[in-house]
Amino acid sequence: MAKQLMKGNEAIGEAAIRAGATRYFAYPITPQTEVAEYLARRLPEVGGVFVQAESELGASNMIFGAASSGKRVFTSSSSPGISLMSEALSYITCAELPCVFINVCRAGPGLGGILPSQGDYFQATHASGHGDFHLIVLAPSTVQEAVEHMMTAFDLADRYRNPVMIFADGLIGQMMEPVDFEAVKSGEAVDHSSWATTGAKGRKPHIIKTLYLNPNDNEAHNVHLAEKYAGIRANEQRSELYGGLGSPELILTAFGTAARVCKTAIDVLNEQGVDIALFRPITIYPFPADALDKLSRKQHVKRLLSVEMNNGQMVEDVKLFTGNRKPIDFFGRQGGIVPSPEEVIERVRALLDGKKKPAKERPAEAK
Amino acid sequence: MAVNTVFCKPEAMTDAHTHYCPGCTHGVTHRLVAETLDELGIRERAVGVAPVGCSVLAYNYFNCDFLEAAHGRAPAFATGLKRSSPELTVFTYQGDGDLASIGTNEILHAANRGEKFTVIFINNAIYGMTGGQMAPTTLAGQVTTTSPSGRDVESAGWPIRIRELLATLRTPAYIARGSAHSPQWTIRTKQFVRKAFQYQESGTCFSLVEVLSTCPTNWGMSPTESMRWVEENMIPYYPLGELKTPDEEDASFARLTGGLEATPNGYAEKTRW
């Protein structure tokens with residue numbers, strides 16, 4: 001099928017329908033509102049359900065109820081709204097309900113701004129709500145990839161009975177790019193009749209709950225969840241290695257929109273004979289630890305630089321999962337500012353010129 | 001000699017012993033709902049939503065599919081499920097802390113959207129599970145652990161009347177208040193519950209039955225004293241009866257403007273609202 005030019009938010013909505021997800025509950029918030037606007041128009045055409053909720057609290061808890069039916073359900077929001085959804089995310093993950101949450105991330109903290117950001121990395125990967133749990137988090141860097149991630153997300157949600165988050169940002173949501181919806185297809189919906197609340201006809205009641213008053217039962221459930229996350233970490237790490245001239249001495253680490261910027265910078269620098277490459281996590285949970293660890297052990301890799309649209313969040317995982325064996329620097333813009341390729345190139349050159357010390361630690365007279 | 005069964009547990013209830021305190025009317029109200037599910041033949045496609053509060057374990061007592069909701073969010077859970085699977089009969093069972101405090105936004109908007117599910121709302125004027133704190137429904141002057149000198153309406157406001165509040169909405173609905181403090185009103189309340197489910201079954205409207213309930217433990221009274229306390233203190237402020245039916249959708253508005261009498265069966269409404 002021919003590619004069509006579509007805005008990221010609308011393409012995400014269409015991709016969900018093509019993945020067989022026709023139950024959507026959401027509340028307007030910039031910069032993701034077009035997902036709701038698109039689906040308010042599209043879902044009735046395919047016999048789907050759209051409810052504009054009273055709040056993100058309402059929307060995300062409607063997702064709990066809807067996911068209990070065993071059907072494919074999803075919601076979308078942006079950073080402050082995702083914070084409100086953290087209650088439901090904790091409950092849904094505990095109850096092991098498959099569903100998809102989309103965060104078109106904007107700049108925080110607080111009301112912040114409406115421009116693109118990756119400031120919710122910690123929240124998405126480590127602290128989506130109270131208690132011991134994890135989401136599977138996919139981080140697209142193009143509109144096409146966002147569409148493909150939507151297809152994959154519902155399959156992963158069904159397979160693991162766990163919420164999957166699409167971590168986009170305001171740029172992915174707002175820009176228009178050519179999209180091919182046929183490139184990736186979502187699998188068939190899984191049979192959830194063994195647990196879904198479909199009415200206790202000819203069987204014992206199905207109870208979907210998160211209350212475990214007996215500490216032994218609660219611990220056992222937590223152990224069960226931990227085993228599931230271990231399986232996810234073992235099987236679902238996804239990443240991309242981009243650029244380089246054979247033996248890159250500097251590895252940029254970046255995801256989403258920041259990774260796009262890095263690709264441009266790498267194209268320029270590789271063209272000029274500077275051997276650097278990009279390691280791009282596609283899943284930010286599970287973090288692609290194995291591939292990065294292996295890469296960081298290579299002799300030719302002398303240092304790493306994490307480029308992010310926040311104040312240094314993923315860089316902590318980069319340090320953790322490489323055992324800090326090579327110097328690791330950070331460069332980020334915040335407040336809704338997307339770093340330019342020129343800024344990245346400048347920072348890379350400063351690092352390579354300074355070699356021994358990171359640019360930020362060099363004495364003032366050396367700058 | 002053949003033995004005829006003249007009374008038994010509804011099929012929609014399990015054999016589990018409830019954890020409710022002696023004299024608490026949760027058990028009675030559970031039974032009213034279970035009998036209704038049996039009588040209407042809807043148990044096998046019913047899904048209940050339990051709240052956070054004393055009835056959090058309701059899923060152990062009803063013999064049908066059940067969800068256990070986050071505090072106050074049962075109407076959002078029910079909305080998601082009923083909209084996704086309209087063939088189901090969905091009901092929430094919520095207390096006054098759950099529905100009238102932390103969950104006011106969810107119940108108000110579910111009612112206003114006209115969601116086709118049924119709400120059983122237990123009003124016992126106190127937080128039971130956490131040990132007797134002031135609820136939004138705690139009466140003026142009523143002593144609780146967080147209103148040790150009695151509810152001061154100057155700082156805590158007057159108790160919220162959920163039935164009256166929701167009845168102001170223009171969206172058609174069935175909204176009634178019953179009570180489990182006496183056999184007569186228990187029977188009448190059963191009729192309200194049955195009608196509420198019937199309105200859902202016919203796809204007519206949102207339905208909510210508020211049930212005045214007792215909390216002997218946290219009120220510090222005997223079960224008998226508690227029943228009397230409902231009659232003497234709660235009913236004058238929370239008058240019983242149907243306030244809104246889908247057949248007379250503007251009646252509630254007329255009442256608000258003083259047009260209709262809203263107090264059936266002898267419980268006069270003493271407070272002008």
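The model is a predicted one. In it, 32 residues of chain B are in contact with 38 residues of chain A, and the area buried between the two chains is about 2,600 Å². Over all chains, a search of the whole structure finds 38 salt bridges, and four of them cross the interface of chain B and chain A.

**The interface by area and composition**

- Carbon and sulfur atoms give 56% of the area buried between chain B and chain A.
- B:E44, B:D65 and B:S84 supply 22% of what chain B buries against chain A, more than any other three residues.
- Four elements of chain B each bring at least two residues to the side that touches chain A: strand 1 (46-50), strand 2 (65-68), helix 2 (74-84) and helix 4 (104-113).
- Helix 2 of chain B gives the largest share of that side, with seven residues.
- Sorted by class, the side of chain B that touches chain A holds 14 nonpolar, eight polar and 10 charged residues.

**Links across the interface**

- There are 15 residue pairs in polar contact between chain B and chain A, both residues being at pLDDT 80 or more.
- One salt bridge brings together the side chains of B:E44 and A:K201, at 3.6 Å from N to O.
- Within strand 2 of chain B, B:L67 is the bridge partner of A:I208.

**Salt bridges within helices**

- In chain A, A:R297 and A:D293 form a salt bridge whose closest N and O atoms are 3.1 Å apart.
- Both residues lie in helix 10 (residues 289-297) of chain A, four residues apart, or about one turn of the helix.
- A:R297 counts as exposed at 52% relative accessibility, whereas A:D293 is buried at 18%.
- In chain B, the side chains of B:R31 and B:E35 meet in a salt bridge of 2.6 Å, N to O.
- B:R31 and B:E35 are likewise four residues apart, in helix 1 (residues 26-39) of chain B.
- B:R31 is partly exposed at 21% relative accessibility, while B:E35 is buried at 18%.

- B:E201 and B:R45 form a salt bridge, with 2.8 Å between the closest N and O atoms.
- B:E201 sits in helix 7 (residues 183-201) of chain B and B:R45 in the loop between helix 1 and strand 1, so this pair ties together parts 156 residues apart in sequence.
- B:E201 is partly exposed at 31% relative accessible area, and B:R45 is partly exposed at 32%.
- In chain A, salt bridges that share partners join A:E14, A:R18, A:R42, A:E45, A:E182 and A:K185 into one network.

Definitions and conventions
Residues numbered from 1 in each chain as written. Chains lettered and ligands numbered in written order. Predicted model: local features only at pLDDT ≥ 70, side-chain atom pairs only at ≥ 80, totals over all residues. Heavy atoms only, no water. Contact = heavy atoms within 4.5 Å. Buried area = accessible area lost by both parts, 1.4 Å probe. Salt bridge = Lys/Arg side-chain N within 4 Å of Asp/Glu carboxyl O. Polar contact = N/O pair within 3.5 Å; in protein donor to acceptor, adjacent residues only side chain to side chain. Nonpolar A, V, L, I, M, F, W, Y, C, P; charged D, E, K, R; others polar. Pairing = 2+ DSSP bridges. Buried < 20%, exposed > 50% of the residue type's maximum accessible area, 1.4 Å probe, protein only.
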